[in-house]
Structure formats: C-alpha cells, structure tokens
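My entries follow in the order I made them.

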Amino acid sequence: YSNNHNNYTLAKISLRNKISEDIFMFEMINSIFIYSENYNELIESYNGSLTYQQKTIIRDFIKENIESDKYELRNNWFFEKISGEFYLFRLYKYEGIYIGAWSNARELLIPMNLIDIGKEGTTVLTNEQGLPMVNQKLIYQNKINLNHSLDQYFIDGKEEEFLIVGQESSTGNFSLIALIPSDKILENLPY
C-alpha cells in the first residue's frame with residue numbers, strides 16, 4: 001500500500017471514532033455521516049435503536065442521491081420521504097466531501113408526548129405546503145387543513161374540532177403544529 005492509502009485509512013478511522021463519540025451529544029439525531037466523492041465511501045455513526053433494514057435503506061438512499069448529484073445543497077434542514085417514512089436531513093459539501101446528519105421525523109416528536117394536549121390531541125410536522133409528515137391519520141380522518149398561516153391559531157376539523165397552533169421552523173422548510181381537541185382547551189380552568 002502507498003503512503004497516501006495508509007494516511008487515508010488512518011484519517012478514516014479517526015473520523016469514524018470522532019463521529020461515533022460526538023453523536024451522543026445530539027439526542028435527536030439518528031445518524032451523522034461523511035461521504036467522500038473521491039473514494040465513493042460512506043462513514044456513518046448511529047444513535048438509538050435502528051434496525052439493519054432501516055440503516056441499509058437510508059444508506060442506499062444517501063449514496064444514490066449523492067452519487068447521482070440529486071442533492072440540492074441547502075443551508076437548512078430538509079425532509080426526504082424514504083420507504084413511506086419522512087426523515088429530516090442536513091447536508092454540507094466541502095471539496096468533494098459531504099457531511100450530513102439525519103433523524104426520523106416521527107422520533108423528533110417523542111418529547112412532545114410529555115405535553116398534555118389530551119388523548120385525541122397530537123403534534124405534527126408539516127412541510128412548506130402544510131402537508132403532515134407524521135400523524136397523518138388524525139389529520140385526514142378529521143379533514144383538517146393545515147395549510148394556513150401560523151401567525152394566529154385557528155380551529156378546524158370535521159368529526160372533531162381542534163385548536164391548531166404552530167410555529168414555522170427557523171432552520172428549515174417545515175413547521176411544528178399542535179392539535180388540541182376543543183374539549184381539552186378549557187378542561188383545567190376553574191369556573
């Protein structure tokens with residue numbers, strides 16, 4: 001082996017070790033990855049309990065999109081739908097090296113389960129068109145239109161009405177929205 005190959009191998013091991021240590025600082029990130037165009041090689045580190053199938057599907061998706069130059073580099077987080085699930089990605093490129101991170105959209109909402117918005121209430125992530133990326137069943141069952149300005153709350157729903165409040169992300173083209181059943185709104189107020 002040449003000296004360059006040995007240096008590359010040592011650098012790759014060092015990078016893998018570094019991202020394997022660093023990923024634990026980011027609870028909500030499922031994976032950090034580095035892709036080299038020159039070597040067509042993907043280095044990954046995972047956080048959480050992902051199945052081999054999940055890792056393989058996303059690994060193949062990342063490599064296919066980078067190798068075919070389908071990724072539009074953005075300064076923000078963006079969503080991709082892979083095998084019926086939405087994933088949030090962030091990707092940087094520098095001199096033929098891609099550095100990125102991704103997380104499952106459904107897992108991002110787990111901390112929101114701690115908020116008491118009622119049994120029928122939920123939180124959703126929506127894309128820039130107001131289409132839900134998680135918890136779609138409730139939205140579609142109640143014919144709720146989330147494509148509204150989030151500057152003010154609004155009420156919507158056919159079978160059951162929900163107070164809908166949300167906020168657009170400052171780091172990507174998506175929004176976090178809470179749907180609170182109308183009967184839950186006044187539940188804990190003394191009257």
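Predicted model: local features only at pLDDT ≥ 70, side-chain atom pairs only at ≥ 80, totals over all residues.

**Entry: V124**

Is V124 buried or exposed? Its relative accessible area is 0%, which is under the 20% limit, so I logged V124 as buried.

I then listed what V124 touches, leaving out neighbours within four places in sequence. The contacts are L109, V134, N135, I139, L146, S175, L176, I177 and L179.

I also checked V124 against R16. The two are 108 residues apart in sequence, and their C-alpha atoms are 34 Å apart in space.

**Entry: S175**

S175 was on the contact list of V124, and I looked it up next. S175 sits in strand β9, which covers residues 174–181. Its relative accessibility is 8%, and because the limit is under 20%, S175 also counts as buried.

Which residues does S175 touch, not counting those up to four places away in sequence? I found V124, L125, T126, L150, Q167, E168 and S169.

**Entry: the sheet**

I traced the strand order next. β6 and β9 belong to an open sheet of 4 strands, ordered β6-β9-β8-β7, and the pairing is antiparallel. β6 and β7 (154–156) are the edge strands, each pairing on one side only. From one strand to the next, I read an average twist of 35°.

How many bridges join β8 to β9? I counted 7 between β8, residues 162–168, and β9, and the two strands run antiparallel. As one instance, F162 has P181 in β9 as its bridge partner.

**Entry: nonpolar cores**

In soluble globular proteins, nonpolar side chains tend to be buried together.

The largest nonpolar core has 17 residues. Those with the most contacts inside this core are I29, W77, F79, A105, L125, M133 and F174. The elements giving two or more residues to the core are β1 (31–36) and β4 (85–94).

I took I29 from that list and looked up its contacts. Setting aside residues up to four places away in sequence, I29 touches I23, N47, W77, A101, W102 and S103.

Technical notes:
Residues numbered from 1 in each chain as written. Heavy atoms only, no water. Core = buried A, V, L, I, M, F, W, Y, C linked by side-chain atoms within 4.5 Å. Buried < 20%, exposed > 50% of the residue type's maximum accessible area, 1.4 Å probe, protein only. Contact = heavy atoms within 4.5 Å. Pairing = 2+ DSSP bridges. Axes fitted to C-alpha atoms, helices over the stretch in contact; angles between N-to-C directions.
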